[in-house]
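Morning, everyone. I have one structure to go through today, so please bring it up on your screens.

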Amino acid sequence: MSLVEKHFLWFLRAGLWGLTRDGSCEALKSAAPSPDEDFDWGGIFSLAKRQTVLLLVEDGVEAWMQWLRENEQTIPEIPAIYLLKIENLRDLAREQHAMQDKMLQRACGLLQQDGITPYLLKGESLALLYPQPFSRVCGDIDLYVDPEDFKRAKRLLSGVYDTIGRVTDKHCTFKEGRLKLELHWQAMSLGNPFVRKAFQTYSRESLSSIQPIRCCLPLSGYQVAVPPLQFNLIFVLAHLFHHFIEGGVGLRQLCDWAVLLQHAFAESTTSDSALDLSELRTRLEKFSLMRAWQIFGNIAVRYLGVPVEKMPFYSESCSSSADRCLSIILTEGNFGRYGKGKYARRKSDSYSQRKSKALRLTSKRLWRKSIIFPWDVLYYLPTWAAESFSRLFKHQ
């Protein structure tokens, strides 16, 4: 691992957990970089941007500098151009949160007036769990409704938002300005065909409470229904694993899962919503997600600072696979947009050249992932082939 990556990961941990929260931060402080080290700030912030955690890393840098001041140590100078860009992004992120807040209120209110309970998947409900919610960069809005309510919900939202594309095997998409809202009738579709239906049944059972759990949006305090913690831990893990296999993920998705897990343990000690680890193990094994849980869990403990005692089913034997996995994530970046190397497209490329490069790049990526998750890549191959031929015939 390069020095830039080591610095980046330390600042990310500092941004996730802080340096003054409690005694558990002492281990983080002991591994803190010295202000006399050679910092490649351009490389650190560039890597953070590719992983969609730039604001979190900047939070970590600020916490580190404050800690240095308190200990009367030298404060290294960061080029102003990077700080200006980050502050601009911070303003944009807060604006995006405000826009999502407004869209969520409108969409949820419209559905609830017609007797439909929409559940917010991920998104703003996870942002609330961060030390600074607005440091979590927004993605799309994901709302789940019961399959029996889907057509009615789709009709209601079609009256106020533009529809994008067709209804997929799990959702349809609406657009308002720069915002996208995905209306789900399935929380997600697992790649493993042998457990897909069982997970769909589990999702529907978990997201059908007469009195659902609700959380407040970070800006307005508007209450939205969210999944139960036990289900959410499995769902967020399954979602990031699904994207890792099929395209790529940034470390933001792992940070989401890490803060959710810490929240689940905190809730277990302060309320009646204790984690049922026996049921959690049963579900993970039933849905063939235990290996993914242990590998991503190994990354979360060793590189994101999750205490090992708060990572159920932790396995040290997964370390080499976890390192491979992290290397892929750091190379590919958020949704696999980076790491194309010689396969990067040029404007002068012909249609056949673009398709040839895409085929070689995807084949290389799937091969690297098959070493870690052979069966999951194998399950994905028919879907990939079908989608590739479909785009080929459509000349996309």
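Predicted model: local features only at pLDDT ≥ 70, side-chain atom pairs only at ≥ 80, totals over all residues.

The cavity, then. With the threshold set at 30 Å³ or more, the structure holds 1 cavity. The space inside the largest cavity comes to about 190 Å³. It is lined by 17 residues, and those closest to its centre are Leu-190, Gly-191, Asn-192, Phe-241 and Asp-376. Which helix gives the largest share of that lining? That is α9, with 5 residues. Helix α9 covers 229–246, and both α9 and α15 supply at least two lining residues each.

Helix α15 runs over residues 374–394, and Leu-378 is found in it.

Last, the glutamine. Gln-253 sits in helix α10, residues 251–270. Its relative accessibility is 6%, so Gln-253 counts as buried, the limit being under 20%. What does Gln-253 touch, leaving out residues up to four places away in sequence? The contacts are Leu-240, Asn-334 and Phe-335. There is also a pairing across the sequence: Gly-123 is 130 residues from Gln-253 along the chain, while their C-alpha atoms are 10 Å apart in space.

That is what I have; questions are welcome.

Technical notes: Residues numbered from 1 in each chain as written. Heavy atoms only, no water. Helix = DSSP H or I, 4+ residues; strand = E, 2+ residues; numbered from the N terminus. Buried < 20%, exposed > 50% of the residue type's maximum accessible area, 1.4 Å probe, protein only. Contact = heavy atoms within 4.5 Å. 1 Å grid on protein atoms, 1.4 Å probe; cavity = no way out; pocket = protein on both sides within 12 Å on 5 of 7 lines; lining within 4 Å. Points joined across faces, edges and corners; volume = space filled by probe spheres on them.
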